[in-house]
Amino acid sequence: MKEGQVNSDERQRAQRLKFEECERVMGVSNPFSCHCVFLLPMCQRSTSGGGMKLLGIFVFVALVIVKWVEGFQDVNVTYIDMQYVSERGFYNRPLLVPLTLINSAAAKGAVCLDGSLPGYHFHRGYGSGANNWLVQLEGGGWCGTIKNCQYSKKTRHGSSFFMEKQIPFIGILSNKAEENPDFFNWNRIKIRYCDGASFSGESQNVRAGLYFRGQRIWKAAMEDLMSKGMRYAKQALLSGCSAGGLASIIHCDEFRELFPRTARVKCLSDAGLFLDSVDVSGRRSLRNLFGSVVTLQGVQKSLPRSCTSRLNPILCYFPQHLIASVSTPLFLLNAAYDTWQIQASLAPPSADYHWNWYECRKNYARCSAPQIQYLQGFRNQMLRATRAFSRSYKNGLFINSCFAHCQSERQDTWFARDSPRIGNRGIAESVGNWYFDRVSVQAIGCPYPCDKTCHNLVFK
């Protein structure tokens with residue numbers, strides 16, 4: 001072996017070890033941060049002389065990037081969406097909605113990871129939507145170890161002290177009819193995510209100063225909203241994206257029980273169909289993460305008995321085993337090649353020993369034929385997992401063959417001139433048709449690369 005090749009191999013090995021350490025600290029729920037910190041060419045610069053100055057600049061830039069990347073999982077408040085807005089002119093500036101803390105939550109022990117008050121953003125409906133309510137549960141990964149949860153409690157995903165004081169309402173939360181035709185004048189709420197277990201934990205760790213109170217936060221938020229008029233809802237929709245999409249499945253039937261039977265109540269899970277898949281190393285990375293979350297945070301207490309009576313609670317945290325237990329009408333919106341699952345579950349760096357998936361993880365166009373075939377297998381698994389679910393007329397399905405994540409919270413994918421479509425219908429129209437019983441929606445797109453309407457995510 002040539003000396004240059006040996007040095008190159010050693011550098012790659014050292015870089016991979018750094019990445020794995022980053023992933024261990026940040027948690028598999030946030031792989032994008034590690035991409036930004038360790039995979040930039042500047043990492044390989046010398047630290048001697050002027051290199052120290054360059055390193056300092058790099059660290060600063062990396063921290064800025066990490067803060068941006070951290071927001072990727074909550075697509076409605078990210079740089080991506082604000083850039084989308086700014087590129088399309090002043091008239092498209094979104095409504096900015098302030099944060100409201102739930103003051104009554106403290107007495108109920110319904111607190112964030114750090115013990116701070118949970119909160120939400122609320123914009124009241126008007127006109128024909130005055131008695132209709134859309135409640136959206138924020139996403140943002142999970143924490144399944146004390147170390148990761150201690151990290152999270154110093155971010156907006158674990159403390160209201162770090163939450164944005166106001167956020168833009170776009171996509172399914174937009175107040176403009178031309179951007180959100182069916183729900184623009186409803187009461188629209190975004191409940192912030194600060195428990196690290198999809199609003200489902202019920203435990204605490206006194207020594208570490210951590211509160212796992214997701215289930216209590218859910219109940220406290222619902223009680224607060226009911227006191228503000230939601231009890232009179234004629235129509236209601238519970239939605240969520242990513243970890244919030246999982247939460248919308250877990251709490252769907254609980255949400256239904258809040259209202260009289262005369263009310264139309266349904267649920268939407270966006271990018272929440274997490275699959276118990278084998279990763280590229282032959283292991284189950286996501287099952288390991290979910291197992292640690294369920295065990296650490298006492299999640300089993302919040303899962304439906306109809307599932308836990310026959311399966312291990314860890315398996316019941318996977319939507320593919322939960323959806324059969326949901327009696328309330330449910331809509332599953334998912335990308336067949338979900339970018340979060342590719343990067344954090346199917347081909348995480350910790351499973352990609354030789355970095356064969358590095359380019360493919362960042363850009364689908366750089367995937368080899370065998371890698372695309374592997375991803376087609378993931379798509380097939382998703383279709384099998386939803387086969388029985390889709391037979392029920394009350395349920396809805398929109399699985400497009402895109403490399404995306406959270407499509408209802410972004411304006412360009414939710415409702416725009418060039419939004420993704422299956423057949424002749426986009427996402428917003430499909431969800432609206434299903435919710436209002438205008439048309440049955442069981443839409444499955446053809447496999448990659450035939451869908452030319454996708455807004456595929458590419459990481460640089």
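A polar contact of 2.9 Å links the side chains of His405 and Asp338; a polar contact is a pair of N or O atoms within 3.5 Å, where within protein one must be able to donate a hydrogen and the other to accept it, and residues adjacent in sequence count only if both atoms are side-chain atoms. This is a predicted model, in which local features need pLDDT of at least 70 and side-chain atom pairs count only at pLDDT 80 or more, while totals for chains, interfaces and linings use all residues. Residues are numbered from 1 along each chain as its sequence is written, and side-chain values use heavy atoms, with hydrogens and water left out. Let's walk through the structure by topic.

- His405 sits in the loop between β11 (396-400) and α16 (411-414); helices (H or I, at least four residues) and strands (E, at least two) are DSSP runs, numbered from the N terminus.
- With a relative accessible area of 2%, His405 is buried; buried means under 20% relative accessible area, exposed over 50%, and partly exposed in between (1.4 Å probe, protein chains only).
- The side chain of His405 also makes a polar contact of 3.0 Å with the side chain of Ser242.
- Ser242 belongs to the loop between β8 (235-241) and α7 (243-250), and at 2% relative accessibility Ser242 is buried too.
- Look at the backbone here: Ser242 has a positive phi of about 60°, although it is not a glycine.
- Trp340, in helix α12, is buried at 1% relative accessibility.
- Along the sequence, Trp340 and Ser242 are 98 residues apart, yet their C-alpha atoms are 8.7 Å apart in space.

**The sheet**

- An open sheet is built from 10 strands in the order β4-β1-β2-β5-β3-β8-β9-β10-β11-β14, with mixed pairing; two strands pair if DSSP finds at least two bridges between them.
- At the edges are β4 (166-169) and β14 (442-444), each pairing on one side only.
- On average, neighbouring strands of this sheet are turned by 20° against each other, direction ignored.
- Strands β2 (residues 119-123) and β5 (residues 187-191) are an antiparallel pair with four bridges, and Phe122 has Ile189 in β5 as its bridge partner.

**Strand β11**

- Five of the five residues of β11 are buried, so this strand is largely enclosed by the rest of the structure.
- Strand β10 (residues 330-335) runs parallel to β11 and is joined to it by five bridges; Leu333 stands opposite Phe398 in β11.
- β11 and β14 also run parallel, joined by three bridges, and Leu397 has Gln442 in β14 as its bridge partner.

**His121 in strand β2**

- His121 is part of strand β2 and is buried, at 0% relative accessibility.
- What does the side chain of His121 reach at 2.9 Å? The answer is the backbone oxygen of Val97.
- A polar atom of the His121 side chain also lies 3.5 Å from the backbone nitrogen of Leu99.
- Beyond its neighbours within four places in sequence, His121 is in contact (heavy atoms within 4.5 Å) with residues including Pro98, Glu164, Phe169 and Arg188.

**Helices α12 and α14**

- The axes of α12 (residues 339-346) and α14 (residues 369-385) come within 12 Å and cross at roughly 110°; axes are lines fitted to C-alpha atoms, for helices over the stretch in contact, and angles run from 0 to 180 degrees between N-to-C directions.
- The two helices, α12 and α14, are therefore roughly perpendicular to each other; angles of 65 to 115 degrees count this way, those under 35 as roughly parallel, those over 145 as roughly antiparallel and the rest as oblique.
- Gln341, Ile342 and Leu346 in α12 meet Tyr374, Leu375 and Phe378 in α14.

- A cis peptide bond, with omega about 15°, joins Tyr448 and Pro449; Pro449 lies in the segment after β14.
- Is Asp437 buried or partly exposed? Asp437 is partly exposed, with a relative accessible area of 48%.
- Asp437 lies in the loop between α17 (427-435) and β14 and has a positive phi of about 60° although it is not a glycine.
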